[in-house]
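Biologist: I would like to learn how to read a disulfide and a sheet in a model. Please take them one after the other.

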Amino acid sequence: MKSRLPMAAVAAASFAALISSTALAQEKTLTIAVTNMMNTFDPHMTASVGTDLSLLSHIYPSLVLRGPDLKIAPSLATEWSNVDDLTWRIKLRSDASFTDGEKIDAEAVKWNFDRVRDPAVNARIKAWFTLISDVKVVSPTEIEIKTSSPYPALIDQLSMFFLLPPKWAAEHKPATETASGGPYVISSVKAGDSITLEANPKYWGEKPAFDKYVIRVIPDAASRVAALLAGEVDFINSIPTTEIERIKTSGNAQAGAVPSTRTVFIKFNTLKAPLDNKLLRQALNYAVDKEGIVKAIFNDQAEVAHCQVTSKSYFGFNPDLKSYPYDPDKAAELLEEAGGAPEEPIELEVPTGTYLNGEEVVQAVASQLEEIGVKTKITEMQFSTYMDKYLKAKDLGRMSLLSQAWPTIDADGLLTLFAPGNMYAYWDNADFGKALTDGRSTMDKAKRLEAYKKATEIMCDEAPALFLYTQPTTYGLSKKITWAARGDDWVRAFDMKPASN
């Protein structure tokens, strides 16, 4: 079975399946609302967990999954082990296949690793696997992975690595088509509006609890809340903290917030003046009242970032670092040392409808920077446009609101987004890069923590970002389903169940 992204033609009959939420519910249908449409169907060309990879996890198999308890669980892989510091052995199920009959065996797994590592493919996730030097097929149900240096977070990283069918991919376009090997197949796509999935009758794993899974795109938070309260959707996330109590008291749904693994910051493009000036970057950090933002915008349900992009839940979090305090006088002093405020406004980009209360946060930041004489020009854009500018055009604005998390919940993954040469970085610091290399060159946890402590200290001082806060995970849930609230970004139908009557 294959499906296409919105740019492809969609059968008119598919729309009828989206009309009546009541009828769908009777057929064990789960409907959720998300903030943005997916960018691609190719799992090797995206690292966006909350949108692209969450959807693709229903279609393509992975070796392991991170469960609702945030622990790694087997999926296609049944067991794994370190033969030595540079060698991993992974055993696979013997009964897995894609819908076209193509086996999901060791050869297919190796092909996917080879594709991601092929420079000609230029996979967006290739940085995850640069330490892999070779992948060997031991048997149809076992692979061996060799690394150039220890890779302690490899198994965690594989929870984000989804497998395409090799023979199918040779004749199709994975960016716009799919061929399922997971619990669901895509049955219809309505451009900019919704995607409908149906349970895969040929799935080799546990049968999903819902026969259909509908993903609706509702960028506006108020509209998502209204849809939940009206019974039109069963799950929403990224809602303002001020809406939680209203949903709970409505009697129609549940709502809550849990600490997340996602940190929000203003990313500086240090490759462009004037943000190549460390003193200016530090001044901007002193100029913003993070505690005020957390209190006023998030009802104290967010936490001020500790001068780092990792949160307390990450391996490698540095507990010794403290946030830049709100000190406009210090900011003005550093600004003067930096040569004064820039004459021209600095662009401040924000992807709309993407980050919780993002537009409000940007307005607050811009206002406080204005107080020390730094003018900004806020530019709003769709998330897809923002990502294209960020990664494809490599032309990120001098400042932009960004939120990042890493489902390995390990500093090795998240900090690598700032490593020299990484397409996400827009910062080039050799000492920081060396500390990261040291951290991933050993399996010794104590030595790894020491390396990440140094890396985060360098990052705090060099300030390639205006560190803001750890974002809360907020959600609303129909009383017709059950779901274990989780602080990472995965939103998956197979983590949800119909509520018992």
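Modeller: The torsion about the S-S bond of Cys 307 and Cys 460 is about 95 degrees, so this disulfide (a pair of cysteine sulfur atoms within 2.5 Å) is right-handed. This is a predicted model, where local features need pLDDT of at least 70 and side-chain atom pairs count only at pLDDT 80 or more, while totals for chains, interfaces and linings use all residues. Residues are numbered from 1 along each chain as its sequence is written, and side-chain values use heavy atoms, leaving out hydrogens and water.

Biologist: Which parts does the pair tie together?

Modeller: In general, a disulfide is a covalent bond between the sulfur atoms of two cysteines. Here Cys 307 lies in the loop between strand E15 (303-304) and helix H11 (328-337), and Cys 460 in helix H16 (residues 445-462), so the pair ties together parts 153 residues apart in sequence. Helices (H or I, at least four residues) and strands (E, at least two) are DSSP runs, numbered from the N terminus.

Biologist: Is Cys 460 buried or exposed?

Modeller: Buried means under 20% relative accessible area, exposed over 50%, and partly exposed in between (1.4 Å probe, protein chains only). Cys 460 is buried at 12%, and Cys 307 is buried at 1%.

Biologist: In what order do the strands of the open sheet run?

Modeller: Strands pair if DSSP finds at least two bridges between them. Four strands form the open sheet, ordered E5-E6-E8-E7 with antiparallel pairing. Strands E5 (77-84) and E7 (132-139) are the edges, each pairing on one side only. Six bridges join E5 to strand E6 (residues 87-92).
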